[in-house]
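Here is a short briefing on one protein model, written for a reader who is meeting such structures for the first time. Please keep the sequence and the picture in view while reading the points below.

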Amino acid sequence: MTVARERQWRWDGPFDLELTLHPHRRGGGDPAWRKTSDGAIWRTSRTPDGPATLRVTARSGHVAGTAWGPGAGWLLETLPAMLGVDDDVSGFVPEHDAVRAAARRYEGLRVGRTFRVLEALVPAVLEQKVVTGEAWRAWRWLLLRHGEPAPGPAPEGMRVFPEPEAWRSIPSWDWHRAGTEAVRARTIVNAAWHAVKLETAGDSADVDRLLRALPGIGVWTSAEVRQRSHGDADAVSVGDYHLSSLVGWSLTGRKTDDAGMLRLLAPYRGHRHRVSRLLKLGGERPPARGPRMPARDYRRF
């Protein structure tokens, strides 16, 4: 049995563990994220020191983390940052009723950072231009097929994110079985070749520059990565299929496009992702019109 390592501390102020860690969850069957009946959140990660499993609980201001595996120490050392201890909310002043109401209702939400760029990039690429369920199916298949079992007493079926070499070595037929077409597969493989440079980059702006220099990675993908890897509360997901309409409807009662969304979010510069996240949680969605985008299955092509 792998030896467990532990870390505990008191959290001052409102904090919601599940809300904060939820952006790292890729569907109900995510092999790298699990919530158990006791309220604990389990995550796996490929740290600079190797694979690790983390179990986190937060009750009555008391946060406890337990980790297993070669990367346990690194994961516990960075745990406060993952939970948003460094999240700076200064300057965030709600100017719309919808934002004000969501901020009150979800006051325990924090924007945390994992420092793991590739772990955020692969699922973001899988989510490019497809329905969410299609991307989550591919993520689950690839981790179950190519990820290694989680260290320690992790819930059954949990896997650790593969090493960059493993992503570069996935054969074309496995991408096909996962339901991922060649364009997204090439984007992931190419990014894996640049993994060291991406993981050792500086701040969010540096990572944005490096990511967007890679083929197949644009504004939306970069923002989705930096929100998670660097806790960038201003990295708004321009180009999202639903976000601009949601923001527009929540703040003005009318749908808008990306340019209109950015105008509406301009007063929140520095916190535009935070506002977007709050509106996703507590905003008002426009009425649905027309058919939904269908889920495709590349395995049949």
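Predicted model: local features only at pLDDT ≥ 70, side-chain atom pairs only at ≥ 80, totals over all residues.

Two strands are said to pair if DSSP finds at least two bridges between them, and strands, marked E, are DSSP runs of at least two residues that are numbered from the N terminus. With that in mind, the bridge partner of Arg 5 in strand E5 is Ala 67.

- Five strands form an open sheet in the order E1-E5-E4-E3-E2, and their pairing is antiparallel.
- Strand E1 (5-10) and strand E2 (33-35) stand at the edges of this sheet, where each has a single partner strand, so one side of each is left without a neighbour in the sheet.
- On average, and with direction ignored, neighbouring strands of this sheet are turned by 20° against each other.

**Strand E5 and its partners**

- Strand E1 is joined to strand E5 by six bridges, and the two run antiparallel.
- Strand E4 (residues 50-59) and strand E5 (residues 62-68) also run antiparallel, and seven bridges join them.
- Across this second pairing, Ala 58 stands opposite Val 63 in E5, while Arg 59 stands opposite His 62 in E5.
- The hairpin of E4 and E5 has two residues between the strands, and in this hairpin Ser 60 takes a positive phi near 50°.
- Because six of the seven residues of E5 are buried, this strand is largely enclosed by the rest of the structure.

- Arg 184 lies in helix H9, which covers residues 182-193, and with a relative accessibility of 2% Arg 184 counts as buried, because buried means under 20%.
- A polar atom of the side chain of Arg 184 lies 2.6 Å from the backbone oxygen of Leu 126.
- Asp 232 is found in the loop between helix H12 (219-229) and helix H13 (243-252), and at 17% relative accessibility Asp 232 also counts as buried.
- A polar atom of the side chain of Asp 232 lies 2.9 Å from the backbone nitrogen of Asp 234.

**The cavity**

- Rolling a probe the size of a water molecule over the atoms shows where empty space is left.
- How many cavities of 30 Å³ or more does a search of the whole structure find? The search finds one, and the largest cavity holds about 160 Å³ of space.
- The lining of the largest cavity consists of 15 residues, of which His 24, Arg 43, Glu 119, Ala 120 and Trp 139 lie nearest its centre.
- Strand E3 (41-47) and helix H5 (117-126) each supply at least two residues of this lining, which by class has six nonpolar, four polar and five charged residues.

**The second largest pocket**

- The volume of the second largest pocket is about 330 Å³.
- This pocket is lined by 18 residues, and the closest to its centre are Arg 46, Arg 116, Pro 164, Ala 195 and Glu 199.
- Two or more residues of the lining come from each of E3, H5, helix H7 (164-169), H9 and helix H10 (195-199).
- By class, the lining of the second largest pocket divides into eight nonpolar, three polar and seven charged residues.

Definitions and conventions
Residues numbered from 1 in each chain as written. Heavy atoms only, no water. Helix = DSSP H or I, 4+ residues; strand = E, 2+ residues; numbered from the N terminus. Buried < 20%, exposed > 50% of the residue type's maximum accessible area, 1.4 Å probe, protein only. Polar contact = N/O pair within 3.5 Å; in protein donor to acceptor, adjacent residues only side chain to side chain. Axes fitted to C-alpha atoms, helices over the stretch in contact; angles between N-to-C directions. 1 Å grid on protein atoms, 1.4 Å probe; cavity = no way out; pocket = protein on both sides within 12 Å on 5 of 7 lines; lining within 4 Å. Points joined across faces, edges and corners; volume = space filled by probe spheres on them. Nonpolar A, V, L, I, M, F, W, Y, C, P; charged D, E, K, R; others polar.
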